[in-house]
Amino acid sequence: MPSVTLSENFDGPTAPDLPAGWTAAVVQSGPIFAASTDYAYSAPNSAAAADPATVGGGSNLTSPSILITAPAATVSFRNRYDTEPGWDGGVLEISIAGGVYQDILAAGGSVLENGYNGNLGSNGVNNPLAGRSAWTGNSGGFLATTLRLPPSAAGQSVQLRWRSGADDNTTGQGPFPGWYIDDVTVVGNYTCSTVPTVRSRADFDGDGKSDVSVFRGSEGNWYMLRSTAGFQVLNFGLVSDTLTPADFDGDGKTDLAVFRPVAAAGNPDLWIFQSSDSTISTREWGTTGDIPQVGDYDGDGKADAAVFRPSSNTWFVLYSAGGSFITGFGAAGDVPVRADYDGDGKTDIAIFRPSNNQWWISYSSGGVTAQTFGAAGDKLVPADYDGDNKDDLAIFRPSTGQWWVLNSSTSSATATTFGLATDTPVPGDYDGDGSDDLAIYRSSNGQWWLNRSTSGVLAITFGISTDTPTPTAYLP
């Protein structure tokens with residue numbers, strides 16, 4: 001699990017004093033970094049450098065020495081800026097093992113969310129950052145910024161340096177123009193812990209087992225045959241909605257949820273019936289044409305609102321704990337296939353490319369991989385079939401009734417015949433043993449056939465031909 005090796009919110013000393021170990025220095029006569037009460041993400045203080053209107057120059061804010069032991073170390077902070085766009089701004093630099101300071105990206109780091117948003121003019125008079133990529137313009141408030149440290153930082157002590165820079169004319173437009181840094185957190189180590197809690201798909205009673213369940217659009221009813229709590233029916237949703245069940249409130253139970261995109265600001269797109277208190281919450285996140293991809297992208301045990309936008313091949317994630325992440329990943333014609341493929345408890349951004357049957361995965365733990373698996377006409381059914389807490393690449397082949405699974409624990413493929421060409425695959429952990437089971441819904445007679453990995457095959461009649469089995473909401 002992540003181990004925080006530095007955490008600072010600049011609230012200890014009274015402004016303008018900085019915390020012990022943090023230093024500030026003037027560069028080319030610019031305004032110096034200092035603790036400020038003008039804006040703060042966590043009151044009362046942030047660290048701030050004003051954006052000068054006439055003098056130009058800059059300032060450096062340098063952290064204490066930080067020991068890094070993990071190659072996947074990260075730095076995150078809240079970042080608010082109001083500066084002259086394209087001319088004034090800020091950058092982050094790193095010194096590894098006492099070496100020279102370099103821009104964190106040039107040193108081998110990478111952006112996880114809200115990186116530089118522009119470039120500063122190369123002829124800015126008296127600007128020490130002229131010509132560099134930077135945070136510039138107006139952020140519209142505090143943004144959650146996260147960067148991965150260079151792999152070469154592992155096993156070394158590092159120092160981080162936030163640098164402001166401005167030319168000698170024009171400033172930001174707000175009442176206190178400048179650059180504000182708050183809530184700095186460095187995860188420099190990872191410690192062994194228990195395996196992340198496995199949450200079964202469509203587990204409406206929280207007993208660790210997927211429940212046989214359907215949505216009847218003609219009525220707007222969810223019918224649930226809960227494995228422990230028994231039968232339940234709830235009215236929630238419209239026939240035109242896209243089902244997005246997940247645990248949004250973190251109580252270990254799947255919440256009823258639907259995606260109903262509205263291309264208008266101020267109107268909710270995601271509707272959630274929270275199991276913890278039986279109240280309805282909403283999210284304004286998405287627009288018409290988006291494909292919902294809800295999942296726990298930040299690993300806090302709560303599902304996040306997320307969509308894939310095919311028109312631009314862009315992923316939009318709204319974290320449950322605050323902040324957002326927007327990234328391009330995919331190409332025209334790709335199918336989003338989010339899942340936790342690296343087993344770190346966080347949903348990974350991923351796509352399937354039908355043109356060459358390739359799976360492309362951007363791991364939340366770092367790195368991108370591509371794997372060819374499947375054939376034309378296959379249905380995509382990623383799930384954790386081998387019980388190692390990593391979702392496996394998998395397909396259901398209607399032409400043969402076969403399930404093909406690329407087991408992450410052994411890197412080997414297995415084939416099992418289970419189902420007919422007209423069946424709908426509905427994988428889930430129906431016996432609660434930690435491994436997802438092969439399962440199908442046969443709409444012609446409302447039958448569920450469950451090939452449970454521990455408890456054997458079970459057939460249940462539950463539903464009618466026009467129902468939508470809710471476990472399909474977890475599949476592409």
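Here is a short chat about the predicted model shown above.

User: Before we start, what kind of model is this, and which pLDDT limits apply?
Analyst: It's predicted: local features need pLDDT of at least 70, side-chain atom pairs need 80 or more, and totals for chains, interfaces and linings use all residues. Residues are numbered from 1 along each chain as its sequence is written, and side-chain values use heavy atoms, leaving out hydrogens and water.

User: Switching topic: how many aromatic pairs turn up?
Analyst: The whole structure has 20. Rings of Phe, Tyr and Trp (its six-membered ring) pair if their centres lie within 6.5 Å; planes under 30 degrees apart are stacked, over 60 edge-to-face, and the rest tilted.

User: Why is the pair Tyr41 and Phe142 edge-to-face?
Analyst: Because their planes sit at 65°, with ring centres 6.0 Å apart. This pair links distant parts of the chain, 101 residues apart: Tyr41 is in the loop between strands 3 and 4, and Phe142 in the loop between strands 12 and 13.

User: Is Phe142 buried or exposed?
Analyst: Phe142 is buried, at 17% relative accessible area, while Tyr41 is partly exposed at 37%.

User: Which residues do ring pairs link into a cluster?
Analyst: Phe10, Trp22, Phe33, Phe77, Tyr116, Trp135, Trp162 and Trp179.

Methods:
Helices (H or I, at least four residues) and strands (E, at least two) are DSSP runs, numbered from the N terminus. Buried means under 20% relative accessible area, exposed over 50%, partly exposed in between (1.4 Å probe, protein chains only).
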